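This report is meant for a reader meeting the structure for the first time.

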Amino acid sequence: QAKREGRNNFQYYTVQMNATSWQRLKLETELRQALARNEFELHYQPKVDMDCNKIVGMEALLRWQSAERGLVTPAEFIPLLEETGLILPVGEWVLREACKQARAWQDAGIPDVHIAVNLSSLQFRQPDFAGSVLKIMQEHGLDPAMNGIELELTESLLLDNVARTIDTLNTLHEAGIRFSIDDFGTGYSSLSYLKRFPISSLKIDQSFVQDLSSNRDDESIVSAIIALGRSLGLSVIAEGVETAEQSAQLRRMGCDGMQGYLFSRPVPVAEMTYLLQNSANLFPAGA
Ligand code: C2E
Ligand code: MG
Ligand code: MG
Ligand code: MG
């Protein structure tokens, strides 16, 4: 195609391609180094209970503290980690780091620490994924039944090879690990599967929360998810809650929990420790 349009076009095309693959290769090299240099870190965002506004858990979110690029968020590098398979060692690092932090908070006397970790599909598909999660928890002296590590899964991950998925989920669930479905409502939902998976909560995608008060469709979707969750005995958490108006409406609709900038952005570990110790004063009930 490019060739037919003449030599100049062909050259232009080639140069463009090279620039793109060069950028990618550079990023990939930097990401490999990032792991070796320990430049990844976890930030934590609280999950807040709807009734008492207490912190009932938190989500670990990956960040890359790059000397060259500054603080980089996942949208800029997770896709490449997934394409290159680097998500496997990085995902394992995330799990270890979350367990290490759960251990540290418990040792500091902070009770009921529940950390949710995001999983990528490739990671979940690894042979004996369940065994490796349990091993990592054990290495950190965490009893899965006592110390909540929760795993956030997407709808597409769940529906790819259902039989094996159920097997992996059941093994982990029997050990005490909890699961939530992330970005619920955006994926390819097959509602009949929900009752076959040992899931404890649904996280309503932030795109439905954003215009909740002005968009009737979003309101219908959110109330349908809440009703679905209730009838299946799942807790329902709203993501991306930014305003008091959204929070009040979600409370009226019977949502169980919230996460969003209204309460806190994802914060580094020292700030999360502060939030855990002071949540009752920081987020007064009914706010
Ligand atoms: P997610 O799991 O759905 O996480 C929620 C995202 O929404 C986070 O973006 C969070 O910072 C952002 N957020 C939270 N509250 C608000 C709000 O009130 N308003 C708005 N506009 N945004 C809010 P982040 O940290 O950039 O992460 C993006 C995605 O990257 C995550 O979406 C998750 O899919 C993925 N991710 C993050 N950490 C990991 C990880 O350790 N492993 C894997 N596999 N994926 C990860
Ligand atoms: Mg998540
Ligand atoms: Mg989400
Ligand atoms: Mg998301």
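## The largest pocket

The lining of the largest pocket draws at least two residues from each of strand S2 (55–66), helix H2 (78–84), helix H3 (87–107), S4, helix H4 (121–124), S5, strand S6 (178–184) and helix H9 (206–210); helices (H or I, at least four residues) and strands (E, at least two) are DSSP runs, numbered from the N terminus. S2 contributes the most, with 5 residues. This is a predicted model, in which local features need pLDDT of at least 70 and side-chain atom pairs count only at pLDDT 80 or more, while totals for chains, interfaces and linings use all residues. Residues are numbered from 1 along each chain as its sequence is written, chains are lettered from A and ligands numbered from 1 in the order in which they are written, and side-chain values use heavy atoms, with hydrogens and water left out.

The lining of the largest pocket comprises 15 nonpolar, 14 polar and 8 charged residues.

## The magnesium ion (ligand 2)

Glu59 (OE), Asn118 (OD1), Glu152 (OE) and Asp182 (OD) coordinate the magnesium ion (ligand 2) at 2.0 to 2.2 Å, where donors are N, O and S atoms within 2.8 Å of the metal (3.2 Å for Na, K and Ca), and sites may look incomplete because water is not among the atoms. Asparagine 118 belongs to strand S4 (residues 115–118) and glutamate 152 to strand S5 (residues 149–153), so this pair ties together parts that are 34 residues apart in sequence.

Asparagine 118 counts as partly exposed at 28% relative accessibility, whereas glutamate 152, at 1%, counts as buried; buried means under 20% relative accessible area, exposed over 50%, and partly exposed in between (1.4 Å probe, protein chains only).

## The magnesium ion (ligand 3)

The magnesium ion (ligand 3) is coordinated at 2.1 to 2.4 Å by Asp182 (OD), Asp183 (OD), Glu239 (OE) and Glu239 (OE). Aspartate 182 lies in strand S6, and glutamate 239 in the loop between strand S8 (235–238) and helix H11 (244–253), so the two tie together parts that are 57 residues apart in sequence.

Aspartate 182 counts as buried at 8% relative accessibility, and glutamate 239 also counts as buried at 8%. The two magnesium ions, ligand 2 and ligand 3, are 4.0 Å apart, with aspartate 182 coordinating both.

## Ligand 1

In the side chain of aspartate 182, an N or O atom is 2.8 Å from an oxygen atom of ligand 1. For glutamate 242, an N or O atom of the side chain is 2.5 Å from a nitrogen atom of ligand 1.

Terms used:
Nonpolar A, V, L, I, M, F, W, Y, C, P; charged D, E, K, R; others polar. Polar contact = N/O pair within 3.5 Å; in protein donor to acceptor, adjacent residues only side chain to side chain.
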